[in-house]
Amino acid sequence: PWLAAFDDNLEILHGTDDATVPIAPSARAAARGIAGSILHEIDGGPHGLLASHKQQISGELIAFLRGV
């Protein structure tokens, strides 16, 4: 129910290889529960996504912000 409280544009970035917080019960579930959210699955991305895929994350964020 709390996911419905999000009423603005929301981008979710999550690595597909995150073993600490698996993508299915976290990011995919959140994307299903938040109307209008955008999920970007970073192929092969681990839990430390911001360190390992910083260029890709930066590009995704810039594209999202330009489109808002």
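Mentor: Helices (H or I, at least four residues) and strands (E, at least two) are taken as DSSP runs and numbered from the N terminus; on that basis His47 sits in the loop between β2 and α2. This is a predicted model, in which local features need pLDDT of at least 70 and side-chain atom pairs count only at pLDDT 80 or more, while totals for chains, interfaces and linings use all residues. Residues are numbered from 1 along each chain as its sequence is written, and side-chain values use heavy atoms, with hydrogens and water left out.

Trainee: Which residues does His47 touch, not counting residues up to four places away in sequence?

Mentor: Contact means heavy atoms within 4.5 Å, and by that rule His47 touches Asp18, Thr20 and Val21. A polar contact is a pair of N or O atoms within 3.5 Å, where within protein one must be able to donate a hydrogen and the other to accept it, and residues adjacent in sequence count only if both atoms are side-chain atoms; the side chains of His47 and Asp18 make such a contact at 3.0 Å.

Trainee: How are strands β1 and β2 joined?

Mentor: Two strands pair if DSSP finds at least two bridges between them, and here 6 bridges join β1 (residues 10–15) to β2, the two running parallel. Within this pairing, Leu13 stands opposite His40 in β2. The chain passes from β1 through α1 to β2 in a right-handed β-α-β crossover, a term which means that, with the strands pointing away from the viewer, the path from the first strand over the helix to the second runs clockwise.

Trainee: How many salt bridges does the structure hold?

Mentor: A salt bridge is a side-chain nitrogen of Lys or Arg within 4 Å of a carboxyl oxygen of Asp or Glu, and the structure holds 1. Arg28 forms a salt bridge with Glu41, their closest N and O atoms being 2.8 Å apart. Because Arg28 lies in helix α1 (residues 24–33) and Glu41 in strand β2 (residues 37–42), the pair ties together parts that are 13 residues apart in sequence.

Trainee: Is His53 buried or exposed?

Mentor: Buried means under 20% relative accessible area, exposed over 50%, and partly exposed in between (1.4 Å probe, protein chains only); His53 is buried, since its relative accessible area is 18%. His53 lies in the loop between α2 (49–52) and α3 (54–67). By contrast, His47 counts as partly exposed at 46% relative accessibility.
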